[in-house]
Amino acid sequence: MTGSQDERFMHLAIALGARGLGLTWPNPAVGCVLVQDGRIVGRGWTAPGGRPHAEPQALAQAGARARGATAYVSLEPCAHHGKTPPCAQALVEAGVARVVTPLQDPDARVAGKGHAMLRAAGVAVETGLCAPQAEAAQRGFLLRVRAGRPMVTLKLASSFDGRIATAGGESRWITGPQARRMVHGLRARHDAVLVGGGTARADDPMLTVRGLGVARQPVRVVASRTLDLDTGSALGRSTGEVPLWLLHDPQATPPARRTAWEAVGARLLPVAPSAEGTGLDARAMLAALGEAGLTRVFCEGGGRLAAALLRAGLVDELIGFTAGLALGAEGRAAIGPLGLDRLVDAPRFRLVSSRPVGHDLMQSWTRED
């Protein structure tokens, strides 16, 4: 197999794995391509809920043609017994001759053991191919394992002058229908949608993916220090249909509010307050979400929550939708105070892409490490 062919099939495995983003947490979204004599004989990706894994799906499709084939897997095959046998063992038993992966799985249950199992059985193992692309695709899973927190994408839909609402609070709609549909697609590729309590009260949102026929809705998460939210809101009425998690400070939350939200089916996650005592600690919030299994979180504001995440250096990707209108200085800012005196202290992001979406402009940025 030539290097260019190896890269082509690995790119396909990574792309297949990306189909599971938002659907497989806490498991990684992995893709697998089986190739025999330059032809694809099987392919698979992690199913919703994390089972079955990509490799057994590809092996089932290939059947006997897997013997002697090369498997391109977008993350090291697992080596531990869980709800299913190890994928490395399945590849060995199927007679796969060569396995190509971009990354070692940092999960302590795997962490090189999958590669070792394959090599011990006489399977040729090559790793490192397309590692940067695989790192980007697995960013959420890798962050959860390495840092104990999910990846955070911050989405802002604003006017040309960076406002998200008029002075009176009117915000529907700054961007057009094509941009709003794109946001639903972005929600679907994340495990959870996160907003602050102020946004939940002002907008009464559902925070669901609509119009796309998704297999699994993202978890709705609201950060509200005192849980001063209405259980009769759209979020409160729909907890039986889509999970709702509430981040709150247990010391500042009246017991009656906790009881009321638990009664309607919300999951309460206690979090330490910020040092200022006016909100929740950003790192503690993400640690709680990581502990609960989330790998990718899509934050849709508001301004104070966005500022807290940015100040703490916890925003990994920025998605901005900019509309061709101006609301002026009296309009509500997209991001709350950051307390910056020097430009050098401002969080910096690198532009990844920019393109029109309907009459609006969509830009994607990634954090500069």
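**Figure 1. Surroundings of Q138 in the predicted model.** Leaving aside neighbours within four places in sequence, Q138 is in contact with P28, A29, V30, S74 and L75, where contact means heavy atoms within 4.5 Å. Q138 lies in the loop between α5 (131–137) and α6; helices (H or I, at least four residues) and strands (E, at least two) are DSSP runs, numbered from the N terminus. Q138 is buried, because its relative accessible area is 4%; buried means under 20% relative accessible area, exposed over 50%, and partly exposed in between (1.4 Å probe, protein chains only). This is a predicted model, in which local features need pLDDT of at least 70 and side-chain atom pairs count only at pLDDT 80 or more, while totals for chains, interfaces and linings use all residues. Residues are numbered from 1 along each chain as its sequence is written, and side-chain values use heavy atoms, with hydrogens and water left out.

Figure 2. Rolling a probe the size of a water molecule over the atoms shows where empty space is left. A cavity is a set of points, on a 1 Å grid over the protein atoms alone, where a 1.4 Å probe fits but cannot get out; lining residues have an atom within 4 Å of a point. The second largest cavity holds about 40 Å³ of space; grid points are joined across faces, edges and corners, and a volume is the space filled by probe spheres set on the points. Helix α1 (residues 3–18) supplies the largest share, three residues. Four lining residues are nonpolar, three are polar and none is charged; Ala, Val, Leu, Ile, Met, Phe, Trp, Tyr, Cys and Pro count as nonpolar, Asp, Glu, Lys and Arg as charged, and the others, Gly among them, as polar.

**Figure 3. The largest cavity and its lining.** The count is two cavities of 30 Å³ or more, and the largest has a volume of about 90 Å³. Of the 17 residues that line this largest cavity, L21, T24, A29, T295 and R296 are the closest to its centre. Helix α6 (residues 139–147) gives the most to the lining, with three residues. By class, the lining has seven nonpolar, seven polar and three charged residues.

**Figure 4. Strand β13 and its two partners, β6 and β16.** Strands β6 (residues 151–158) and β13 (residues 317–322) run parallel and are joined by six bridges; two strands pair if DSSP finds at least two bridges between them. T153 has E317 of β13 as its bridge partner. Strand β16 (residues 360–367) runs antiparallel to β13, again with six bridges. Here T322 is partnered by L361 of β16.

Key: 1 Å grid on protein atoms, 1.4 Å probe; cavity = no way out; pocket = protein on both sides within 12 Å on 5 of 7 lines; lining within 4 Å.
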